[in-house]
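Here is a short report on a metal site and some surface patches. Please look at the structure first.

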Amino acid sequence: MTSIGLDHVVMRYDGTQAAVDDVSLEIEEGEFFVLVGPSGCGKSTLLRLLAGLERPSSGTVRMDGSDVTELTPRLRDVAMVFQNYAIYPHMTVGGNLGYGLKVRGVPKREAAARVREVADLLGLGDLLKRRPTTLSGGQLQRVAMGRAIARRPRAYLMDEPLSNLDAKLRVSMRAELEQLHRRLGVTTVYVTHDQVEAMTLGSRAAVLRAGELQQVAAPQELYARPANAFVAAFIGSPPMNFALATAREDGLDLAGFDLRLPAEHRPPVAAGERVLVGIRPEELRAPQAAGKDACALRVTCAVRQNLGADQLLFFPVPQLPYEAAVIARATFAEDRPAGPAVGSGERLLCARVPADVSVEPGDTVDLAVRPGALHYFAPDGGARLPSA
Amino acid sequence: MKRPGAVPWLFVVPAAALTLLILLVPSLVGAAYAFTDWDGLTSPSWVGLANFTEFFDDGSHVVGQTLILAGLYVVGVNAAGLGLALGLAHTLRTRHVLRALFLVPAVVSPLVVAYIWTFILDVDGPLNEILEAVGLGSSAQPWLGQRNTALAAVAIVMVWQFAGYHMLIYLAGLQGVQRELLEAAEVDGAGPWRRFADITLPLLRPALVIGTVLSTISAFLLFDQVMALTGGGPSGGTDTLGTYVYEQTFVNGRYGYGSAVALLLVGGVCLAALVQMRLLRGRRS
Ligand SMILES: Nc1ncnc2c1ncn2[C@@H]1O[C@H](COP(=O)(O)OP(=O)(O)OP(=O)(O)O)[C@@H](O)[C@H]1O
Ligand SMILES: [Mg+2]
């Protein structure tokens, strides 16, 4: 088992903007560590730095406490699942799975047994003799995964290894991965842009944005206490609602709603100042489900989306002239806009309520939010503000 | 799959007809002379296989020389081309300029190249002068004037001229070797040599087939360079099938005999190309 460390690692391709910007991290022995962030934030680059495929522009990479920054991938002895598979096209599936074993001199009998075992685990048993050109995308991805799993390296580095599987297979592969990790206990760094995977898989996750580390914490902590508005917007689905509010002596003025809050849940800013408020859609509930000190909001439903067990209700609230820009700056994540805006001066917020609450577009709905469920962020920069 | 219908024939027929008319028919007519003693003046008379038996008795040294030259050239030009391509595929910043530079000799007329090299390799030429200047005067020699160095010299000149051309073939082939495959092999534990042997080389197989077949054909048909460098000398020591056919046919006026040798040459080239394609293509995926 191997621990991995990064100290002030910066990676600049051709002197352009840093793809990884001053990242320091400690990944413990045997940990299942998830790297998550939007497209282009530097996840693959970070993984390549760990594998030794890139040399950092500055900073050091450690494995088990010793500096491996200058070591080639071969000497680091890690296994990697590449984002676009990198399957050897001229070898059979079996040849691909066994290549790392062959190169590293594992005896033939043992190698064959391990290839067999991995193939059965990943449902590739019938494909061992096939050529990669005859496989589907999902099958290729499983071969890529199998090639790594067949080895017993110091660490697994996986770059979005499940992204091309159908939903059902993905769920079962996730379970297989967890079991495998429990059984082998090999340190694993797992890259994904899927926040469901980030929530379910790892013991800890790191959120990246434009090459910079935003927060490293257990998934539940990321969800419950996001370090800033970006993490808050990125973790959770549908994403957190944001609105610019004005603090008052006894609570908040939030987009025209008058929220009276007990002292311990008031925003930590002086009355009259602005604060960015975040509310998760699942915290906007029917009044009877929200508890007795909840704040009531009466809204008009504009759009309804049924998810089966739950439904999403979108409702417009008035918006300050510069609100969209403030929220975008604080939560900017290319593939997850902070919330759809309708017309000028209004934005849509989202509530997630049980499907049995009967609502039609145009209906007036009573919602409520627990004072403890309000997240406060600085309007400039989006850093988390602990409630007063 | 949909059946192609008549359209492909529209494209094939004109080209096929032209080939048949101006290439195949005259060739076949010419081939008939191989069985005669035609000297270009008197009317030919049938001699059966006499031309062929004569060639097997007298011409075998030419076959040997052609094979040696072809062997040296095919191995040399493909190794050089592959080496240049590997060197200029990614890393060097000046690679685009260098690629163009290495290609220049291939677009110069073989005759011009040959005259440049006859000058360089002359007994009193720059090569020997340099050897003397650095104190290796004892290894200075008439490079083109003795059989064994002359054959090697012709091969080297040919390799020098066409290495750039083969570099192009291998550069195109290397486009199919994605960098990530090499990276995956590196992470899997393969060193540089292993990566080349296990990943690069197998993926270059189509390019290797093309490079080998093309260079074999041109080595077998080799004519201008030998003619310009050595004229087949010294005393026939660098004669190849190409120059031999020319001498016998047009210098000695033995049209029948020349046709017979040329016919064997065409057969040999076809056979060699077929065998190579078979060997190198391997299983088709
Ligand atoms: N070889 C390269 N040369 C130059 N820039 C690069 C190179 N590879 C990546 N980049 C840049 O570095 C940044 C991070 O890229 P990276 O591939 O690490 O993102 P990612 O988080 O893996 O994204 P995705 O989720 O889309 O895979 C991007 O802005 C990208 O354009
Ligand atoms: Mg990536």
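The text below covers the metal site, then the patches, then accessibility.

This is a predicted model, in which local features need pLDDT of at least 70, side-chain atom pairs count only at pLDDT 80 or more, and totals for chains, interfaces and linings use all residues. Residues are numbered from 1 along each chain as its sequence is written, chains are lettered from A and ligands numbered from 1 in the order in which they are written, and side-chain values use heavy atoms, without hydrogens and water.

**Metal site.** A:Ser44 (OG) and A:Gln83 (OE1) coordinate the magnesium ion (ligand 2) at 1.9 to 2.2 Å. A:Ser44 sits in helix α1 (residues 43-51) of chain A and A:Gln83 in the loop between β6 (78-81) and α3 (93-103) of chain A, so the pair ties together parts 39 residues apart in sequence. Donors are N, O and S atoms within 2.8 Å of the metal (3.2 Å for Na, K and Ca); water is not among the atoms, so sites may look incomplete.

**Patches.** B:Asp122, B:Asp124, B:Glu129 and B:Glu132 form a negative surface patch. B:Asp122 lies in the loop between α5 (110-121) and α6 (126-133) of chain B. A nonpolar surface patch of about 910 Å² includes B:Leu18, B:Ile22 and B:Val29. B:Ile22 belongs to helix α1 (residues 7-33) of chain B. Patch residues have over 30% relative accessible area and no salt bridge; like charges are joined within 9 Å, nonpolar side chains within 5 Å. A salt bridge puts a side-chain nitrogen of Lys or Arg within 4 Å of a carboxyl oxygen of Asp or Glu.

**Accessibility.** Buried means under 20% relative accessible area, exposed over 50%, partly exposed in between (1.4 Å probe, protein chains only).

| Residue | Relative accessible area | Class |
|---|---|---|
| A:Ser44 | 22% | partly exposed |
| A:Gln83 | 37% | partly exposed |
| B:Asp122 | 38% | partly exposed |
| B:Ile22 | 62% | exposed |

Terms used
Accessible areas come from the Shrake-Rupley method with a 1.4 Å probe; for residues, only the protein chains shown count as cover. Lys and Arg count as positive and Asp and Glu as negative; His and the chain ends are not counted. The place of a charge is taken as NZ of Lys, CZ of Arg, CG of Asp or CD of Glu. Helices (H or I, at least four residues) and strands (E, at least two) are DSSP runs, numbered from the N terminus.
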